[in-house]
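Work through the following exercises with the model open beside you, and compare each step with the solution that follows it.

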Amino acid sequence: MSPAPLFAIVDDDEALRQALAELLEVSGFDCMTFADADAFLADYAPGRFSGLVTDLNLPGMNGQQLQQHIRLVDPRLPVIVISAQSDPAIRARALASGALAYLTKPINDQVLFRHLDAALSRFPPPTAD
Amino acid sequence: MSNDADLFELSAHRRLARDACWQLDVSGAHALLQRSDQSDPAALPEWRQDQLDRALAAVRVRDVNEEAIRLFGLTGDRERLTARPISILWPEQSRSVLADLLRALANGGPDAVETREIGVLGPLVDVVMTGWRAADPRCPDIVFVRLSGTLNPSSALLELEASQDRYRNMISSLPLPLLQVDARAAARMFERLRANGITDIAAYTRDHPELVEIACDIVLVTDANNEAVALFGAKDRTELIGPIPFVFAGTPGSARRVTIAHFQGIRNYVEDFQILTLDGRMLDVSLLMTFPVSGERHDTILMMMVDHTARLQAEAKLRQVENDFHRAARLSTLGELTASIAHEVRQPLSAILTNAETSQRWLARDEPNLPKVQQLTERISASARRASDIIGRIQDAARKREPVRTRLDLNEVVRQALLFVRHDSQDKSVKMTLTPGEDLPPILGDRVQLQQVVVNLLVNAMQAMRETERDHREICMVTAVDGPDMVELTVRDTGPGVPPADLDRVFEGFFSTKEGGMGIGLAICQSIVTSHGGRITAANHPDGGAIFRVTIPVATKA
């Protein structure tokens, strides 16, 4: 039996980070939260996460840099970018870099779940060998 | 006027052009001048000072001729001298001689003529004073006094006269309101008070407030220049000539303070006060008085008044304009930070929405998880408060308001300012670090204004680094104690620095090297820092980048 899918949430805003974790919990998703990219990368291992939800504005390495980094080390990991900015150029850049979705805050929960489901169906969690 | 005719006749009869003539009314002085006994007139007693003063105070001027005005250095117009007591007009040295002469006339027959020698008077030497009673029996109390002498040819006296002319010219042409005051009568009153052992004039005037009134009524404005006429809104000079109380009408208590200063022999007296002009305006002026010291003429106290009304009004207006300007600059900075601010508000709103949706999901279950819902609604409240605080801060920053000084922690001011630019700096990949100094003493200042200084410096630093490689954009803020009285904040960026030639000019208004920049951010910083008693300087760091240093005085221990 495959392990329950685990999502990573990276956002420097504690209130929003907690809110997203609660939202995933009520819908039966497991998740871990991180305040910045470095904290996430410290816990990262290939195949550990079924998807990454990251804020774009992060202290230190920002969301875009994190996304580019993940693309190099784990191109199969779905990345959903969330941001308070609705700048079309930034959105286009994120999608061009391979983001599964670009969601602007405040996050529409149904849209988020649709993308989480899509992440799971397109990139099913690795089976335990 | 029959008295004029008498005087004219008299002068013409004597044909002495330089004779000075006085027409005096002695009706009030009978009791003081007449002897009760009829002993030998040659044995008249010496005057006691108080008798002399009282007698001469009771003798009133009816008229004088122009020669007398010149000879006695009288100021003011001929008609204004009428009814004044002779005591305040007659020179000290010959007062007892005059009293002797008047007493002899009072005790002599209607045709008596008395002559006294008084030596020197003004530019005259060998002065002879002649007195007689009016020939008209209907005017038994009118006495004429004529003074004749020869002009002292000494050039010193001519020089004195010329210098007096120059002095008069100087007063009249001085571009400041000036009153010339004769306070001899008050000085004599003070002498008597001292003779009676009174030294604490402040206490004495408290117990006898009427003394101030009396002192003021006998002190006379004897001359005024055109500036003073304009200041007091008088129609002409003569309106100001006379008793002095009008000068003190705008500020109760000022007359007493001046009286005390005069009594105490203070050389110069300065007071900022208000005058009530003759046409009813209140003006803020500085009063500057120089009192004569012993040996100087007591008839020329100079009172100078510097009108501050226009300056104070201009200052108030300037403050208003400055406030408007600061507000405009704040708004323009806030405008530049719109994205940052929007982000800042959207963050808690986003958390609120997600928490609300999660709550609904918990509630929609067959067995609602109420503890979860309670936890989430608590978080909703916290985020809503945070959003409200952010909006409050922005309103604070944008609101038109008078500065309010409170005790502030500089580190706290910097941290709050950072919230405004945090997301802007993340967008621009600028790494910001604050190294807060420990145990900083509090400063006294306006929170919003000081935040504005920090925000402006940070916005300025971020703009300076727009050509800098993204990985190298850094702003280091350090707060520290700077000596016993100051705290400092330094803001260093890793941009290209300020061209050395511009270092002195960066704080000038409308100085900008940025395209589209107003160039007022740093000018505002300087104006705010200066108004807090601090300093702001710009320099370049030896390792590159600009470094701005703000020092603010610490609050005095309350």
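**Exercise 1.** Determine the handedness with which H3(B) and H6(B) cross, and describe their packing.

*Solution.* The crossing of H3(B) and H6(B) is left-handed, a term used when the near helix is turned anticlockwise from the far one by less than a right angle, with right-handed used if clockwise. This is a predicted model, in which local features need pLDDT of at least 70, side-chain atom pairs count only at pLDDT 80 or more, and totals for chains, interfaces and linings use all residues. Residues are numbered from 1 along each chain as its sequence is written, chains are lettered from A and ligands numbered from 1 in the order in which they are written, and side-chain values use heavy atoms, leaving out hydrogens and water.

Next, take the geometry: helix H3 (residues 49–58) of chain B packs against H6(B) at an angle of about 65°, and their axes are 10 Å apart. The axes are lines fitted to C-alpha atoms, for helices over the stretch in contact, and angles run from 0 to 180 degrees between N-to-C directions. H3(B) and H6(B) are therefore roughly perpendicular to each other, the class for 65 to 115 degrees.

Finally, in H3(B), Leu52(B), Asp53(B) and Leu56(B) meet residues of H6(B) including Leu98(B) and Leu102(B), where contact means heavy atoms within 4.5 Å.

Technical notes. Helices (H or I, at least four residues) and strands (E, at least two) are DSSP runs, numbered from the N terminus. Angles under 35 degrees count as roughly parallel, over 145 as roughly antiparallel, 65 to 115 as roughly perpendicular and the rest as oblique.
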